[in-house]
Amino acid sequence: MINPYDKAYELARALKECAEAKEWLAAQEELARDADGWRMLEDFRSRQEEIAKALSEGRTVPDEERQKVARLYEVIVLHAGVRRVLEAEQRLVRLLADVQRIIGDAWSELTEQGYKGTKPAASDASDGPNA
């Protein structure tokens, strides 16, 4: 019998050792040697987080703030090191999303199978508590 915990640890190791993770780490290490590029990326991420936090709290984000972040993105991707980090990160996030979807699909299939056999039988109105 397959032990799901063992497979989960195996998956975690595979994710840490995959090409996408290694490329992302290498891009991070390379950018860390460029203080200006690193600062640009941190500033961009900080602004992204502020917008995400505001949205999660139900606050509206002014269009001008969104446009500032969009313009900042257009500028920072001109920096080769920053662009490499962002592109590698995008590939890694896509991989993780795919893995999550696969696990979610398995859960959906499992719950569909489980619910088919556990639906309560139709009851007659006279069988109710007030009958």
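Predicted model: local features only at pLDDT ≥ 70, side-chain atom pairs only at ≥ 80, totals over all residues.
Biologist: At what angle do the axes of α2 and α5 cross?

Modeller: The axes of helix α2, residues 19-32, and helix α5, residues 80-116, cross at roughly 155° and come within 8 Å of each other.

Biologist: Are the two helices roughly parallel or roughly antiparallel?

Modeller: Angles over 145 degrees count as roughly antiparallel, and α2 and α5 are therefore roughly antiparallel to each other.

Biologist: And is the crossing left-handed or right-handed?

Modeller: The crossing of α2 past α5 is left-handed.

Biologist: Which residues in α2 and α5 meet?

Modeller: On the α2 side they are E20, A21, E23, W24, A26, A27, Q28, E30 and L31. Their counterparts in α5 are G81, V82, R84, V85, A88, E89, R91, L92 and L95.

Biologist: How many of the residues in that contact are nonpolar, polar and charged?

Modeller: The contact of α2 with α5 has 10 nonpolar residues, six charged residues and two polar ones.

Biologist: Let us take R91 in α5. What does R91 touch, apart from residues up to four places away in sequence?

Modeller: With those residues set aside, R91 touches E20 and E23. R91 has a relative accessible area of 33%, so R91 is classed as partly exposed.

Biologist: How far apart are R91 and A21?

Modeller: R91 and A21 are separated by 70 residues in sequence, while their C-alpha atoms are 8.8 Å apart in space.

Biologist: Is A21 buried or exposed?

Modeller: A21, which lies in helix α2, has a relative accessibility of 7% and therefore counts as buried.

Biologist: What is A21 in contact with beyond four places in sequence?

Modeller: A21 contacts L15, K16 and L92. As for L95, its C-alpha is 9.5 Å from that of A21, and the two residues are 74 apart in sequence.

Biologist: Turning to the largest nonpolar core, which residues touch the most other members?

Modeller: This core has 14 residues, and those touching the most other members are L31, L41, F44, I76, V82, V85 and L86.

Biologist: Which elements give two or more residues to this core?

Modeller: They are α2, α3 (35-56), α4 (63-76) and α5. The most comes from α3, which gives four residues.

Biologist: What about V82? Which residues is V82 in contact with, leaving aside neighbours within four places in sequence?

Modeller: V82 is in contact with L31, G37, M40, L41 and I76. V82 is also one of the α5 residues that meet α2.

Conventions:
Residues numbered from 1 in each chain as written. Heavy atoms only, no water. Axes fitted to C-alpha atoms, helices over the stretch in contact; angles between N-to-C directions. Parallel < 35°, antiparallel > 145°, perpendicular 65-115°, else oblique. Left-handed = near helix turned anticlockwise from the far one by under 90°. Contact = heavy atoms within 4.5 Å. Nonpolar A, V, L, I, M, F, W, Y, C, P; charged D, E, K, R; others polar. Buried < 20%, exposed > 50% of the residue type's maximum accessible area, 1.4 Å probe, protein only. Core = buried A, V, L, I, M, F, W, Y, C linked by side-chain atoms within 4.5 Å.
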